[in-house]
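Here's a structure to walk through together. Take a look before the questions start.

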Amino acid sequence: PRSTLFPYTTLFRSIRDRLSLQIADRLEIVVVDTGSPQNEGAIVEEFQQRYDNIVYLRTARREGVYAAWNRGIHAARGTYITNANTDDRHKPDAFERMVAILEERPEIVLVYADSYITKTENETFENHTPAGRWEWPDFDPLLLVQHCFMGPQPMWRKCMHAKYGYFDESFESAGDWEFWLRMAEAETFLHLDEFLGLYLSSPASAGHRNRELTRQENVRVRQRYAHRADRFRD
């Protein structure tokens, strides 16, 4: 199975989107509900009655996104992990394309692709209102020290967590970037030069809710790995 992590919020369209993927019968979907007041348990149970590859975890109190991701990763049984924000969507063959790369090339530990951007909720990859696009650069560990360009929907090997630990839960928005940097010193990532995802640009996202906190976290990550830049230049 391939594991997909859902942090929280409205789930119905999100789960339906993943179940419509070409690789859906090989997915394990881990839903992490961190104390949400919404009736998410009932939504998941409705799907569980029809599908046996959905796992539901609920915590009594609200947790940050990286605590939720870590909880889901610990529960996941899959070989590969991808985070799935509940308001994002994928091209039907997105996971199939990513898994194929990881299966064929054991030296690659993480794969990422380009994304379309929309500002309209609940659209699909095939039918969305364009608001921009993210065309990411090819993997460069030196460039990664300057800014995060893995995009919102990468896929990586679960075994990397046994080697490099888990997401730093003290972050609210830069924890994924920090973890990619932990791996990037010794590992190889691959950019797929194609559009496989649809990202919802929302003012409610972690990066937009508190821009000052986001700025501070970005500075913190850069300072933590600033020594890396000199090493790569050498």
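This is a predicted model: local features need pLDDT of at least 70, side-chain atom pairs count only at pLDDT 80 or more; totals for chains, interfaces and linings use all residues.

Visitor: Asp88 is buried without a salt bridge, so which side chain of opposite charge is nearest?
Guide: Asp88 sits in the loop between strand 4 (80-83) and strand 5 (89-90); helices (H or I, at least four residues) and strands (E, at least two) are DSSP runs numbered from the N terminus. Buried means under 20% relative accessible area, exposed over 50%, and partly exposed in between, with a 1.4 Å probe and protein chains only. A salt bridge needs a side-chain nitrogen of Lys or Arg within 4 Å of a carboxyl oxygen of Asp or Glu, and for charge Lys and Arg count as positive, Asp and Glu as negative, with His and the chain ends not counted. The nearest opposite charge lies 5.9 Å from Asp88, and it belongs to Arg18.

Visitor: Which residue has its backbone nitrogen 3.3 Å from a polar atom of the Asp88 side chain?
Guide: Contact here means heavy atoms within 4.5 Å, and Asp88 touches residues including Pro152, Tyr199 and Leu200, not counting those up to four places away in sequence. The backbone nitrogen at 3.3 Å is that of Leu200.

Visitor: Arg157 is also buried with no salt bridge; which backbone oxygens does its side chain lie close to, at 2.6 Å and 2.7 Å?
Guide: Arg157 is in strand 8 (residues 155-157), and the nearest side chain of opposite charge, Glu103, is 6.1 Å away. Leaving aside neighbours within four places in sequence, its contacts include Thr79, Tyr80 and Arg105.

Visitor: How far apart are the closest N and O atoms of Arg77 and Glu28?
Guide: Arg77 lies in the loop between helix 3 (65-75) and strand 4, and Glu28 in strand 2 (residues 27-34), so the pair ties together parts that are 49 residues apart in sequence. Arg77 is exposed, at 60% relative accessible area, whereas Glu28 is buried at 1%. They form a salt bridge, and the closest N and O atoms are apart by 2.6 Å.

Visitor: Which residue forms a salt bridge with Glu187?
Guide: The closest N and O atoms of that pair are 2.8 Å apart, and the partner is Lys163. Glu187 lies in the loop between helix 7 (175-184) and strand 9 and Lys163 in helix 6, so the pair ties together parts that are 24 residues apart in sequence.

Visitor: Which side chain makes a polar contact with the side chain of Tyr164?
Guide: A polar contact is a pair of N or O atoms within 3.5 Å; within protein, one must be able to donate a hydrogen and the other to accept it, and residues adjacent in sequence count only if both atoms are side-chain atoms. Tyr164 lies in helix 6 (residues 160-164) and counts as buried at 17% relative accessibility. Its polar partner, at 2.6 Å, is Glu187.

Visitor: What is the phi of Asn122?
Guide: Most residues other than glycine have a negative phi. Asn122 is in the loop between strand 6 and strand 7 (132-134), and is partly exposed at 43%. Although it is not a glycine, Asn122 has a positive phi of about 65 degrees.

Visitor: What volume does the largest cavity have?
Guide: On a 1 Å grid over the protein atoms alone, a cavity is a set of points where a 1.4 Å probe fits but cannot get out, and lining residues have an atom within 4 Å of a point. Grid points are joined across faces, edges and corners, and a volume is the space filled by probe spheres set on the points. Residues lining the largest cavity include His90, Phe95 and Met98. Its volume is about 60 Å³.

Terms used:
Residues are numbered from 1 along each chain as its sequence is written. Side-chain values use heavy atoms; hydrogens and water are left out. On a 1 Å grid over the protein atoms alone, a cavity is a set of points where a 1.4 Å probe fits but cannot get out, and a pocket is an open set with protein on both sides within 12 Å along at least five of seven lines; lining residues have an atom within 4 Å of a point.
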